[in-house]
Amino acid sequence: MNERCKKNYKALALFPMLLFLILYVGCGIVFTILGRESPFSIMSRYTAILITIMVALLCYDREETVSQKLEVYTRGYGNSGVGMLAIIVLMAGAFQSAASAMGGKESIVNMGISLIPAQFLVPGIFILSCFISTCIGSAMGTQVAMIPVAMAIAQKAGLNIGMAGAASIAGAYFGDNLSVISDTTICATKGVGAEMRDKFRMNVTIAAPAAIITILLYWLLGSTGGGTAVAEDLSYNVIEVIPYVVVLITAIAGVDVIIVMLVGIVLSGVIGMVMGTIGFFDWAMAVSAGMEDMFYLAVFAAMVSGMIELIRYYGGMDWLVSTMSEKIKSSKSCQYVISLISMAIAGITLNNTVAIIISAPIAKELGGKYKIAPKRLASLLDIFACAALMLVPHDSAVLLVNQYGGASYGEIIRWQFYPVFLILFTCATIQLGLLRTKEEKNAQV
């Protein structure tokens, strides 16, 4: 099987992804306007993605058989990244369910509400997500650990579910963007030849003001939309919180996320059985139920990945990158084009690491031509790739908030302050020529 289709479909190859967005997002918006209940479930994501996959298989490259194109599709469907994502979310679901069954979720929710004033809960969720994601270097790892707890705290404290979900998502991508052990940071710096410490300094200079403003807004608005009424019974057992603490500490210590989740699952069962809150088979059923709750996410991610592989095979990804590369007239426009390339690919592929890997060689070539510092290139690639995933309606983080909190995309996106301010501050840095190196200043002179 050739790596690329004999006929280059260029922009037309992107039609399946556009069709998916029209079917899923478009129908969801229409039904929201019409006031229908669960508007984004009427045209479900599974039906929408299945239709687009059929279009991609049947309407392109008629010279090849469907079986041959299915080989391409399954190559994307079964790639190692999707497999790792599936294992992580399944184990995360098992941990959350097991910990909840033995009383841990109730205890950590009550403890959080008891120790933190209600008006500080939402900014607290954002700050904690920022801290965890910066330490472990993984947005997904932070989301699967934080979102279920954040949703439970918000529900019990009477806070706005959409705001709490937005805070969890934004905080997770804050650290994914900044952490020196994040795969996005590693790919961005290595891809353009930048030093990690230089990229981190530039990144944090841009991201810190956006984060501070976000914290202030969550503090001012965090008690709106639901009041601060809290249930009278806020009792908790510190021992039942231990699995969450161990998971957090081991994750920060750099232990592999699979091992972290496994330790949490086993520890939840041991503590529950010792305390007499659950038996062995209760724990086993809880683990199974938690995994079943996450099957949808693993399958959906694999289906999208397979479709992206078909789009790449038909020439859509190459066309997208080359077309945007032509829209350059100066150093500033070059930075905007690089940013848009990274953001567009991340939004289409739902994978910021893949977006950076694809766009980094182009960014390095264009950056060398227009004398743009490598650390700036790395920052732009990482910032806009992460910002895209905070804003799209079909990222796994939005699905997790919907799963655990029942909040729709519309209820989440209205409180997504951080990515908006992050983009604004980054654009201001480009437009005003801020944080330039000596070499960049000399080149412009």
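This is a predicted model: local features need pLDDT of at least 70, side-chain atom pairs count only at pLDDT 80 or more; totals for chains, interfaces and linings use all residues.
A residue is called buried here when its relative accessible area is under 20%, exposed when that area is over 50%, and partly exposed in between.

**Helix H3 and its surroundings**

By that criterion, the buried residues of H3 are Arg45, Ala48, Ile49, Thr52, Ile53, Val55, Ala56 and Leu57. The elements that cover them include helix H1 (15-33), helix H4 (66-77), H14 and helix H19 (396-405). H3 itself is made of 14 residues, and the distance from its first C-alpha to its last is 20 Å, close to the 20 Å expected at 1.5 Å a residue.

H3, which spans residues 45-58, packs against helix H14 (residues 280-313) at an angle of about 25 degrees, and the two axes lie 10 Å apart. Because angles under 35 degrees count as roughly parallel, H3 is roughly parallel to H14. The two helices cross in a left-handed sense. On the H3 side, the contact is made by Arg45, Tyr46, Ile49, Leu50, Thr52, Ile53, Ala56 and Leu57, while H14 contributes Tyr296, Phe300, Met303, Val304, Met307 and Leu310.

**Two helices packed against H18**

Helix H18 (residues 374-391) packs with helix H11 (residues 196-221) at an angle of about 55 degrees, with 9 Å between the axes, and this angle makes H11 oblique to H18. The crossing of H11 past H18 is right-handed. In this contact, Asp198, Lys199, Met202, Asn203 and Ile206 of H11 meet Lys375, Arg376, Ala378, Ser379, Asp382 and Ile383 of H18. The residues involved divide into four nonpolar, two polar and five charged.

Helix H9 (residues 161-178) also packs with H18, at an angle of about 160 degrees and with the axes 10 Å apart. Since angles over 145 degrees count as roughly antiparallel, H9 and H18 are roughly antiparallel to each other. The crossing of H9 and H18 is right-handed. From H9, the contact involves Ile169, Ala170, Tyr173, Asp176 and Asn177, and from H18 it involves Asp382, Ile383, Cys386, Leu389 and Met390. These residues divide into seven nonpolar, one polar and two charged. Asp382 and Ile383 of H18 are listed both in the contact with H11 and in the contact with H9.

| Helix pair | Angle | Axis separation |
|---|---|---|
| H3 and H14 | about 25 degrees | 10 Å |
| H11 and H18 | about 55 degrees | 9 Å |
| H9 and H18 | about 160 degrees | 10 Å |

**Single residues**

Lysine 10 lies in the segment before H1, and its phi is near 50 degrees, a positive value in a residue other than glycine. With a relative accessible area of 47%, lysine 10 is partly exposed. Aspartate 61, placed in the loop between H3 and H4, has a positive phi of about 45 degrees although it is not a glycine. Its relative accessibility is 6%, so aspartate 61 counts as buried.

Serine 114 is located in helix H6 (residues 104-115) and, at 37% relative accessibility, counts as partly exposed.

Terms used. Residues are numbered from 1 along each chain as its sequence is written. Side-chain values use heavy atoms; hydrogens and water are left out. Axes are lines fitted to C-alpha atoms, for helices over the stretch in contact, and angles run from 0 to 180 degrees between N-to-C directions. Helices (H or I, at least four residues) and strands (E, at least two) are DSSP runs, numbered from the N terminus. Angles under 35 degrees count as roughly parallel, over 145 as roughly antiparallel, 65 to 115 as roughly perpendicular and the rest as oblique. A crossing is left-handed if the near helix is turned anticlockwise from the far one by less than a right angle, and right-handed if clockwise. Contact means heavy atoms within 4.5 Å. The expected span of a helix is 1.5 Å times one less than its number of residues. Buried means under 20% relative accessible area, exposed over 50%, partly exposed in between (1.4 Å probe, protein chains only). Ala, Val, Leu, Ile, Met, Phe, Trp, Tyr, Cys and Pro count as nonpolar, Asp, Glu, Lys and Arg as charged, and the others, Gly among them, as polar.
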